[in-house]
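Open your viewer and get ready to click along. We will stop at a few places, and at each one you will hear what to select.

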Amino acid sequence: MTVRTRFAPSPTGMLHIGGVRTALFCWLYARRHGGKFILRIEDTDRERSTPEAVQAILEGMQWLGLDHDEGPFYQTQRMDRYGEVIQQFLREGKAYHCYCSREELDEMRAAQAARKEKPRYDGRCRGRKEAVPGVNPVVRFLNPDAGSVVVNDVVHGPITFDSGELDDLIIARSDGTPTYNFCVVVDDYDMQITHVIRGDDHINNTPRQINMLRALGVEPPLYAHVPMILGPDGAKLSKRHGAVSALQYRDDGFLPEGLLNYLGRLGWSHGDQEIFSLEEMTRLFDINDVNKGASALNVDKMLWTNQQHIMRATPERLAQYLQPQLAALGIETADLAKLAAVARAQQERARTLKEMAQNSVFFFRDVTTYDEKAAKKNLTAEAAPLLQSVRERMAALDDWQATKLHELVQAVAAASGAGLGKVAQPIRVAVSGGSVSPPIDVTLEILGRDTTLQRLDRAIAACVV
């Protein structure tokens with residue numbers, strides 16, 4: 001059997017991180033077993049679905065690197081197929097027309113509530129042979145009255161549902177449009193899905209979908225319902241907990257592998273290992289190891305995980321992500337070599353690429369002002385002759401490399417007896433505008449001779465107060 005999983009988001013909002021984790025688990029399972037990963041856009045809610053949301057899903061999946069083997073399939077393009085199956089069910093007596101009015105249904109539910117019964121459609125139209133003039137009926141699936149449905153859930157274990165509590169689900173509205181649960185069944189059937197991995201908010205849909213699949217003459221796929229992701233306060237994850245959109249995390253400077261690593265570990269583990277490449281997760285992931293309990297989002301842990309991936313990434317890869325982050329700050333550069341050099345210098349200390357960009361502005365934009373506290377402490381009258389000596393030696397330096405620049409700064413410190421920090425820190429403030437930068441020799445090498453000398457001249461002038 002070829003494993004076939006699917007990720008089926010609804011384009012009624014952003015691709016949130018709960019959906020990303022579901023997509024990741026589906027993708028990992030398919031990849032580990034040499035199967036197929038199908039992308040399906042469940043866009044039958046025409047009032048709420050938007051082209052922008054569809055684009056956000058596609059863009060988010062592309063950024064994450066969760067490539068699909070088939071699709072994207074759009075439910076709105078499969079309406080003829082859904083109509084075929086509805087007609088098939090009607091012919092085979094597995095579905096029927098229901099002419100009940102809204103008022104009639106309300107009265108039925110009120111009576112059930114008065115008897116302290118679970119509200120459900122009582123099947124009163126099951127045996128109706130004649131149409132009701134002037135009424136466009138809905139179509140209901142004829143659910144079995146007796147027995148039970150057992151969902152052998154990979155995560156939660158067997159879950160049993162009494163068939164008698166599952167009412168006859170509407171599968172086509174009065175205007176003929178098919179409903180969500182029915183479309184899912186036809187899609188999973190046609191696309192030969194073998195494993196359905198999705199959020200556990202779908203558990204109650206599963207027995208109805210299983211019954212419809214069996215009505216089509218097939219055994220249902222294997223189900224694995226993944227627990228929800230909660231906010232740090234234990235409540236359902238929402239916008240008030242911060243960024244929840246995949247593309248928002250991209251814009252906030254997360255690496256896709258950093259976000260995927262964090263989400264993969266949110267409910268799944270492999271021993272005590274914390275940091276995984278996507279290749280490692282693919283090799284080690286087992287849906288049977290997913291926890292039953294919900295996991296809470298931990299922003300600090302997410303940032304730490306992302307930082308670990310930044311530290312492990314090649315500077316050339318980081319440069320690709322640093323470039324748009326700088327562009328967001330108004331800095332346009334096509335110098336990938338310089339971007340890679342900056343990334344190499346900054347990657348040990350940056351938690352996000354956005355943070356890296358903010359801390360690297362001085363590499364690309366002239367320094368015309370200084371941090372007030374840093375300038376007061378370091379650009380002093382005592383620092384002026386030290387900076388002047390550094391400037392003179394640098395102007396004469398014939399090999400502008402970090403090792404030579406380091407030796408030069410050390411030589412000035414030794415000659416003045418001032419100590420390395422008393423020389424290096426004023427240089428740092430002079431060239432970066434603040435008290436924090438990568439190692440000063442590396443910083444100077446990236447900036448280059450002309451920019452360094454120009455900034456030293458400005459700082460020396462600022463020292464004369």
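This is a predicted model: local features need pLDDT of at least 70, side-chain atom pairs count only at pLDDT 80 or more; totals for chains, interfaces and linings use all residues.

Residues are numbered from 1 along each chain as its sequence is written, and side-chain values use heavy atoms, leaving out hydrogens and water.

**Stop 1: the largest pocket.** Select Ser10, His16, Gly19, Asp201 and His202, which are the closest to the centre of the largest pocket among its 35 lining residues. A pocket here is an open set of points on a 1 Å grid over the protein atoms alone where a 1.4 Å probe fits, with protein on both sides within 12 Å along at least five of seven lines; lining residues have an atom within 4 Å of a point. The space in the largest pocket comes to about 1,100 Å³, a volume being the space filled by probe spheres set on the points. Now colour helix H1 (17-32): H1 gives the largest share of this lining, four residues. Helices (H or I, at least four residues) and strands (E, at least two) are DSSP runs, numbered from the N terminus.

**Stop 2: the second largest pocket.** Next, pick Leu105, Arg109, Val138, Arg140 and Ile170, which lie nearest the centre of the second largest pocket. About 400 Å³ of space lies there, and H4 gives the most to the lining, with five residues.

**Stop 3: a bent helix.** Select residues 315-328, helix H11. At Tyr321, H11 bends by about 30°, and Pro324 follows within four residues; the bend is the angle between axes fitted to the seven residues ending there and the seven starting there. Which residues of H11 are buried? They are Pro315, Leu318, Ala319, Tyr321, Leu322, Gln325 and Leu326, where buried means under 20% relative accessible area, exposed over 50% and partly exposed in between (1.4 Å probe, protein chains only). Just after H11, find Gly330, with a positive phi of about 90°.

Stop 4: Zoom to Gly71 and Pro72, joined by a cis peptide bond with omega near 5°; Pro72 sits in strand E3 (residues 70-74). Then go to Lys116, which has a positive phi of about 60° although it is not a glycine. Lys116 is in the loop between H4 and E5 and is exposed, with a relative accessible area of 78%. Finish at Gln192, in the loop between H5 and E9, where phi is near 55°.

Notes. The expected span of a helix is 1.5 Å times one less than its number of residues.
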